[in-house]
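Colleague: I would like to learn how to read a model like this one, feature by feature. Please take me through some examples.

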Amino acid sequence: MPRILALNPPFRGLTGAVNVLDRVGTKQVNSVDDVKVVQKLLQLCSKGSEFASEIGLPAITGRFDAATGFWIYRFQDLDHKKMPSNIIDGSISPAHAGSYGGGTWTIISMNLFAKEKDPQGHADFIARGGSVF
């Protein structure tokens, strides 16, 4: 599966998303590259957030740690409040065709929010094929 997932038709204006290849979360595969993708998306999603400036965001280390787990859960909780069909499970799964239990894959929601918060940063991330550096 490619790291960049083309969305056809586009999802709320999003035509492509940086995807994970395996699950990220507690007791998941947590490959270094997938964890870096999630950490980068969390940083893009939280750009300018007062909450993020108060407690800090996870560093892009490729290690699944408590900060990364906290921010995944926080993102899913906020996303669930906007879209109640979206699941809060503390994990990021690879997006595939269709929806996830009637909701939106968290990784797709993260890409959408990252694009809204930092359009250039998200575009650069897509252009680099999901490579963090």
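Colleague: Where is the place of Arg12?

Modeller: This is a predicted model, so please read every value here as computed. Arg12 sits in the loop between E1 and E2. Its phi is near 50°, a positive value in a residue other than glycine. Arg12 counts as exposed, because its relative accessibility is 54% and the cut-off for exposed is over 50%.

Colleague: What is the peptide bond from Asn8 to Pro9, cis or trans?

Modeller: That bond is cis, with omega near 10°. Pro9 is part of strand E1, which covers residues 4-11.

Colleague: Let us turn to helix packing. How are two packed helices described?

Modeller: By two values: the angle between their axes and the distance between the axes. Take H3 and H4 as a case: their angle is about 85° and their axes are 11 Å apart.

Colleague: Are H3 and H4 roughly parallel or roughly perpendicular to each other?

Modeller: Roughly perpendicular, because angles from 65 to 115 degrees are put in that class.

Colleague: Which residues make the contact of H3 with H4?

Modeller: H3 supplies Phe75, Gln76, Asp79 and Lys82, and H4 supplies Thr106, Ser109, Met110 and Phe113. By class, three of these residues are nonpolar, three are polar and two are charged.

Colleague: At what angle do helix H4 and helix H5 pack?

Modeller: H4 (residues 106-117) and H5 (residues 119-127) pack at about 130°, and their axes are 5 Å apart. With that angle, H4 is oblique to H5. On the H4 side the contact is made by Asn111, Ala114, Lys115, Glu116 and Lys117, and on the H5 side by Pro119, His122 and Ile126. Three of the residues in this contact are nonpolar, two are polar and three are charged.

Colleague: How do I read the faces of a helix?

Modeller: An α-helix has 3.6 residues a turn, so residues three or four places apart point the same way. In H5, the buried residues are Gly121, His122 and Phe125. Viewed down the axis of H5, these buried residues fall within an arc of 95°, so they line one face of the helix. Gln120 and Ala127, on the other side of H5, are exposed.

Colleague: What covers the buried residues of H5?

Modeller: The cover includes strand E2 (14-18), helix H1 (32-45) and H4. Not counting residues up to four places away in sequence, His122 touches Leu14, Gly16, Leu41, Leu44, Asn111, Ala114 and Lys115.

Colleague: Is Thr68 buried or exposed?

Modeller: Thr68 is buried, and its relative accessible area is 0%. This residue lies in helix H3, residues 66-82. With neighbours within four places in sequence left aside, Thr68 is in contact with Val38, Gln39, Leu42, Pro58 and Arg63.

Colleague: With which side chain does the side chain of Thr68 make a polar contact?

Modeller: With the side chain of Asp65, at 2.7 Å.

Colleague: How do I read a residue that is partly exposed?

Modeller: Two cases come from the loop between E2 and H1: Leu21 and Asp22. Leu21 is partly exposed at a relative accessible area of 33%, and Asp22 is partly exposed at 35%.

Colleague: How far apart in space are Leu21 and Asp33?

Modeller: They are 8.9 Å apart, C-alpha to C-alpha, and twelve residues apart in sequence. Asp22 and Leu5 are 17 residues apart in sequence and 14 Å apart in space, again C-alpha to C-alpha.

Colleague: Which residues is Asp22 in contact with, leaving aside its neighbours within four places in sequence?

Modeller: Asp22 is in contact with Val29, Asp34, Ile92 and Pro94.

Key:
Residues numbered from 1 in each chain as written. Predicted model: local features only at pLDDT ≥ 70, side-chain atom pairs only at ≥ 80, totals over all residues. Heavy atoms only, no water. Axes fitted to C-alpha atoms, helices over the stretch in contact; angles between N-to-C directions. Helix = DSSP H or I, 4+ residues; strand = E, 2+ residues; numbered from the N terminus. Parallel < 35°, antiparallel > 145°, perpendicular 65-115°, else oblique. Contact = heavy atoms within 4.5 Å. Nonpolar A, V, L, I, M, F, W, Y, C, P; charged D, E, K, R; others polar. Buried < 20%, exposed > 50% of the residue type's maximum accessible area, 1.4 Å probe, protein only. Arc of directions from axis to C-beta. Polar contact = N/O pair within 3.5 Å; in protein donor to acceptor, adjacent residues only side chain to side chain.
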